Amino acid sequence: MTNILCIGAGYVGGPTMAVIAKHCPQHRIDVVDIDEKKIAAWQSDNLPIYEPGLKEVVLSARGRNLFFSTDINEHISQADIIFVSVNTPTKNFGRGAGKAADLQFWEKTARQIIENSTTSKIVVEKSTLPVRTAEAMERILNSNNRGLFFDVISNPEFLAEGTAIEDMENPDRVLIGGRETPSGQRAVQAIVDIYAKWVPQECIITTNLWSSELSKLVANAFLAQRISSINAIANLCEKTEADISEVAHAVGTDSRVGPDFLRASVGFGGSCFKKDILNLVYLCDHFGLPEVSVYWEQVIKMNEYQMANFVSKMVAAMFNTVAGKRIALFGAAFKANTSDTRESAALSVCRSLLDEHAQVVITDPYALENARADLIDVIEQVIFEPDPYAAAQGAHAIAVLTEWPQYVELDYQSIYDEMIHPSFIFDGRNILNHKKLHNIGFNVYPIGKPPKTHFTR
Ligand code: NAD
Ligand code: UGA
């Protein structure tokens, strides 16, 4: 039996360790966190995050070989392999503020590992980190005078929220980077052996440490770049009566481009795209590559434009003022099937509408609690309403900001009947049946497609 420990029981640590525990009943997996409430939730029936299929996997292993605890020091001392999946947010102070990764949580963890270890261990970077972080980690961990040796391995996580369990069960690839020394290669093999219990060998890629660390940042940068690219073109579509869905289809059927991640939207959100690209931008500047840095920064700038421009278009369509008007925001989560609202475009739109003195009502099936916490500074100005019908009642406009499938199924005729007329729908996800909505009486504003209105020019 191998004792596996994961430090950090968040969106990555919880689901990944639950899946490892499910497939490796011969190993004991402990997941620890400083957040007592979170650990209590992992131990309960009310898990701290919403993720389809997560509860079943947790229940299949919890109490058997999967355990959640706040006793970090004790579990460090017993562990053979330690995954670290603590948060690595953007630094908001000092050098590199606003771009570089804040590695204080990561370094604290490394020091805690060394203080509580009596045996040598493998330490696995699961968090997303700047390239060459492992070097610093090795130096901190191996500066002990107790004869302990730590192999540092990079095993970045590629799961997406909302599909975390599916992504873990059937990953496109698992990436494991290590030193090219005999000890480093043995450590790589130990991590390969864990995943090989359910992941086909050909999907397990092994590389050197730096390629692995950098590949994670680059993978996110490429994905976000596709969204900013399609959103940039959506703006051109709106000026030319081209249709972004048709353009995305025509472009994406080229097998060299591929169809995924070409859905134009109000903008990408989530805890990682922005932070990881900013981190990449910082690294490029740090290594004296300003042209490369400017190139990637534009992906973020385009996304910020997309969110701001969405609100500008709303205001322009609604006769250049939304002051005092009730506007229902359908969705707070940064994407469907998650309760996560970090960097959600919905919250950015909400704040911009509040700046315009609109009366904002937000609805969401799972994310209202997180939305409340994120909007704490303006909480008095926002109405949180779980029922979308009630949210839209008496509203001038609806803005669809999260692609929850339930919003497609709503009875828009009865919603329309209860709204102020003329009524507007801004479909920031292009998920609704625009023709049908127009026939009901709505003025419909999709992304990257001509609007369907009842106004004569
Ligand atoms: P999260 O904020 O949900 O979870 C991190 C957890 O670490 C928190 O519960 C926090 O309390 C805990 N923590 C912080 N310092 C600690 C310490 N010293 N000891 C014990 N626990 C500590 O973050 P997340 O979304 O799980 O992301 C973690 C890392 O994984 C980040 O680097 C992120 O970039 C990366 N990542 C995230 C995703 C995702 O979908 N969220 C996907 C791939 C990679
Ligand atoms: C993303 C990556 O997809 C994961 O591989 C990675 O592990 C993770 O970041 C991470 O490092 O945290 P995630 O942010 O959870 O996963 O979700 P995505 O599906 O990538 O969506 C991100 C945002 O882009 C969402 O707001 C989504 O609505 C938006 N999006 C996505 C679009 O606007 N258009 C698309 O075509 C696809």
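Buried, in this talk, means under 20% relative accessible area. Keep that cut-off in mind. The model is predicted.

Let me start with charges. The whole structure holds 20 salt bridges. Take Asp276 and Lys275. Their side chains meet at 2.8 Å, N to O. Are these two residues buried or exposed? Both Asp276 and Lys275 are buried.

Next, Glu157 and Lys126. This salt bridge comes in at 2.9 Å, N to O. The partners sit in distant parts of the chain, 31 residues apart. Glu157 belongs to the loop between β6 and α7, and Lys126 to the loop between β5 and α6. Glu157 has a relative accessible area of 11%, so it counts as buried. Lys126 is at 3%, so it is buried too.

Glu403 and Arg263 form a salt bridge, with their closest N and O atoms 3.9 Å apart. The sequence separation is 140 residues. Glu403 lies in the loop between β12 and α16, while Arg263 lies in the loop between α10 and α11. Glu403 is at 18% relative accessibility, which is under 20%, so it counts as buried. Arg263 is exposed, with a relative accessible area of 58%.

One network before I leave charges. Arg132, Glu135 and Arg139 are joined by salt bridges that share partners.

On to helices. α5 covers residues 104–115, twelve in number. From first C-alpha to last it reaches 16 Å, close to the 16 Å expected at 1.5 Å a residue. Which residues of α5 are buried? Trp106, Thr109, Ala110, Ile113 and Ile114. They cover an arc of only 135° around the axis, so they fall on the same side of α5. An α-helix has 3.6 residues a turn, so residues three or four places apart point the same way. On the other side of α5, Lys108 and Glu115 are exposed.

Now the rings. A search of the whole structure finds 17 aromatic pairs. One of them is Tyr295 with Trp296. This pair is edge-to-face, at 5.1 Å centre to centre and 85° between the planes. Tyr295 is at 49% relative accessibility, so it counts as partly exposed. Trp296 is at 10%, so it counts as buried.

Phe330 and Tyr407 make a tilted pair, 5.1 Å centre to centre with 40° between the planes. The pair links distant parts of the chain, 77 residues apart. Phe330 is in strand β9, and Tyr407 is in the loop between β12 and α16. Phe330 has 0% relative accessibility, so it is buried. Tyr407 is at 2%, and also counts as buried.

Ring pairs link Phe319, Phe424, Phe426, Tyr445 and Phe455.

Last, charges over rings. The charged end of Arg28 sits over the ring of Phe67, 4.0 Å from its centre. Arg173 lies over the face of Phe158, at 3.7 Å from the ring centre.

Key: Residues numbered from 1 in each chain as written. Chains lettered and ligands numbered in written order. Predicted model: local features only at pLDDT ≥ 70, side-chain atom pairs only at ≥ 80, totals over all residues. Heavy atoms only, no water. Helix = DSSP H or I, 4+ residues; strand = E, 2+ residues; numbered from the N terminus. Expected span 1.5 Å × (residues − 1). Buried < 20%, exposed > 50% of the residue type's maximum accessible area, 1.4 Å probe, protein only. Arc of directions from axis to C-beta. Phe/Tyr/Trp six-rings, centres within 6.5 Å; stacked < 30°, edge-to-face > 60°. Lys NZ or Arg CZ within 6 Å of the ring centre and 35° of its normal. Salt bridge = Lys/Arg side-chain N within 4 Å of Asp/Glu carboxyl O.
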